[in-house]
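Hi,

Here is the structure I promised to pass on. Have a look at it first, and then read my notes below.

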Amino acid sequence: MMERQNKAPNRQWGSLMFRYRWAVALTWVFLICLLGFFAVRMPSMLKDSGFTPTGSSSERGIAFLEEKLGMSAASLEIVLESTNGENLTTSASQKRLWEELAPLRAQPFVRDMYASIASRQTAEDSITAFTVLLNEPSGEALGHFEEIKAAVPEVSGARAYITGNLAVYHDMSSAVRQDIFRAESFGIPAAFLILLLLFGSFPAALLPVAVGLGSVAVTLGSLYFVVARGVPLSNFLPNMVTMLGLAVGIDYALFMVSRFREELKKGEAEGALNAACRTAGRSVLYSGGAVMAGLLALNFIPLPVFRSLALGGMLVVLVSVLAASTLLPALLAILGHRIFAWPVRFKVRKEESGRAWVRISDFIMARPAIVAITVVAALLAAMLPALHMKLGIPSAEVLPPTYASRYGSELMKKAYDAKELSAITIAIELDRPYEDSSSIKLVKSYMSTLRNHSGVHRVESYASFLKEDDAVVSDELRSEIEQRHVAKGQAVLIAVVPEGGETDPETVKLVRELRQQPPGGVHAFYVTGPPAYKLDIMDRIQSGIPYVLATVLILTYIILFAAFRSILLPLKAVIMNLLSLGASFGMVTLVFQRGFGADWLHVTYTGSVFAVLPILIFCVVFGISMDYEVMMLSRISEAYHHERNNERSTAIGLQRTGGMITGAALILAVVAGAFMFTDNELMKALGLGLTASVLIDVTVVRILLVPALMKLMGRANWWIPRWMSFLARTKRDDG
């Protein structure tokens, strides 16, 4: 009796939604319209990429340089490229350019401006650059970047490009807004067309799209108020929310609509809605839990970008689950049998589709071992490129060359020594003023020590302006030193130019060694600059990986155990997901590291994979791939607990869900795949990884491997220890 009372509320959820269908639907419409108004404004409020390793040595070093030496984290590089081949490095040209840029120097937001001090490359005299330090933090500068951009005057005989971190962040924000529109304009019509082919009626095809769009609007609108309260969120967030919201929102609605239509053919709308909520609705809850478990694990990476994506991702999945559990049942109740209205003629007949899945099922059940071995071997082969994956942290490379900040960055690398542009910066606070003879002696001694380190190309500081035995700083030299922001008071900057690139193993080793060997007699010591900054980002990512993996695997297992009350089924599902993920990692490595297909996707490959991608793809894809596992195993489990025949139940599950899962995967693939053609390298790679993983998952893992293993494992699929038998599912659980 108690058990029946406990089950009743769950079984009557459909009736509750049926009774209050108009109130529920109108409440959601009001929320979507209200929050949608704020949703369109949210992306323009995001000012940071979220990759700052807050509290790290590199971040504290930057703050020290700002405070003590008057440097600024908000800076720009004005890169000038001659339009007529003029030599822009001559004294006359530099004087002319300096005069023409005078209006920019006079702006109140400009703290200082000087010609780039990096060593020049030969035969690139038609390119020159000026560094502009701003009087305000990056957030404020980004808020009126268009004003700053407009203040850069036109230079006769040259084109000006603004680059540097600030310009890159601004262009990334612009790309985010354009990418969302571009991805939606392709992904949504494609998803609607697939739904139309799948259901064969306009109302049934329209409902999942409406739920997906509504979930995204409510989520972005809610996040608007989070950002308005001053909470810093990454400018990658809107893309993530849009991609994930459309993907899971449409998929969850697809599962519900499909089951409702199936049940509606047996009886009235209220009964069909009850059955759909009890079966597909229950699966949606577990699927949403699996996706949220993966996104929750992102919080173990101590970088703001991961926490932003975790917040936005979890919120949009939660909203999608709520919409699929309330808004969609209400709309289904309102439509009733009209869900079959406005049929289209190009729908594939159900009988033909059913026979195809019967043939596939018979083929797998006749030779399960051969199918399983072949599929596993193919997945392992596809995984091989990922074993040689190299991780890196790009900067302007996240944007295509059509953006001024990216093109300007390429010109800088072309005209100046790339090693100097990415030098290791050591910030020191001495116990005496820098011009004191003892301070000069200490700095010179430390510079000699630095030169003896392997991997060091050159070492520079204010002491480089002095002769070997000279320990006196003249007034004229003091003015030049402080104007260049290399020493002031007791603060000193030492630049260490490495032999290799920013992420070269020798450079990474050098940064670690320098941090472990500070000079004696100093009050403060920081190792910063691009190599140290990127190393701190890498260290934070790598330090959180074990916790991320453990959290995702354990929580996913627990959720699937709760769904199926089996020891081996969740374990098998986790292993299957790891195989499909490994294969997608192999594809990402081939494209973004080795350049296969990079031209077609307009991808800039630099010989490495963006370090955030593997962990982001793992957390997002692992949960989403579980959707199909949950949907298929739910139908297999439902059949098994009625018939107690493993082979027949597996065949029934494949036949009844094969078409739906294939359609859902195609929808997710076009929604996520649309982001492969956007202007953001991170979202390109995430779109590729998600699309590849889902297509691999649904074509070879769910359709071939899962049924084959179900047949091979037999009754062991449903094994549960005797001491846990009270948890075993019963027919009553499946309704």
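**Two packed helices**

Helix α10 (residues 202–228) packs against helix α11 (residues 237–264) at an angle of about 145°, and their axes are 7 Å apart. Axes here are lines fitted to C-alpha atoms, for helices over the stretch in contact, and angles run from 0 to 180 degrees between N-to-C directions. Helices (H or I, at least four residues) and strands (E, at least two) are DSSP runs, numbered from the N terminus.

Before going on, please note that this is a predicted model, in which local features need pLDDT of at least 70 and side-chain atom pairs count only at pLDDT 80 or more, while totals for chains, interfaces and linings use all residues. Residues are numbered from 1 along each chain as its sequence is written, and side-chain values use heavy atoms, with hydrogens and water left out.

Back to the pair: α10 passes α11 in a right-handed crossing (the near helix is turned clockwise from the far one by less than a right angle). On the α10 side, the residues in contact (heavy atoms within 4.5 Å) include L207, V216 and L220; on the α11 side they include V241, T242 and R261. By class, the contact of α10 with α11 has 17 nonpolar, five polar and one charged residues. In this count Ala, Val, Leu, Ile, Met, Phe, Trp, Tyr, Cys and Pro are nonpolar, Asp, Glu, Lys and Arg are charged, and the others, Gly among them, are polar.

T242 in α11 is worth a click. T242 is buried, with a relative accessible area of 0% (buried means under 20%, exposed over 50%, partly exposed in between, with a 1.4 Å probe and protein chains only). Leaving aside neighbours within four places in sequence, T242 is in contact with I180, E184, V216, L220 and F675.

L35, in helix α3 (residues 21–39), is buried too, at 11% relative accessible area. Which residues does L35 contact, leaving aside its neighbours within four places in sequence? They are A217, V218, G221, S222 and F225. The C-alpha atoms of L35 and V218 are separated by 5.4 Å, although the two are 183 residues apart along the chain.

In helix α5 (residues 91–100), S93, Q94 and L97 are buried. They cover an arc of only 95° around the axis, so they lie on the same side of α5 (the arc is that of the directions from the helix axis to the C-beta atoms). The buried residues of α5 pack against β1 (75–82), β2 (110–115) and β3 (127–134), while the face turned away from the buried side carries the exposed residues S91, A92 and K95.

**A loop residue to check**

W342 sits in the loop between α13 (304–335) and α14 (350–366). Its phi is near 50°, a positive value in a residue other than glycine. Most residues other than glycine have a negative phi. At 63% relative accessibility, W342 counts as exposed.

**The whole chain**

The protein chain has 27 helices and eleven strands, and buried residues make up 57% of its 735 residues. Its C-alpha trace spans about 95 × 50 × 50 Å along the principal axes. Among contacts between residues at least 6 apart in sequence, 82% join residues at least 24 apart.

Happy browsing!
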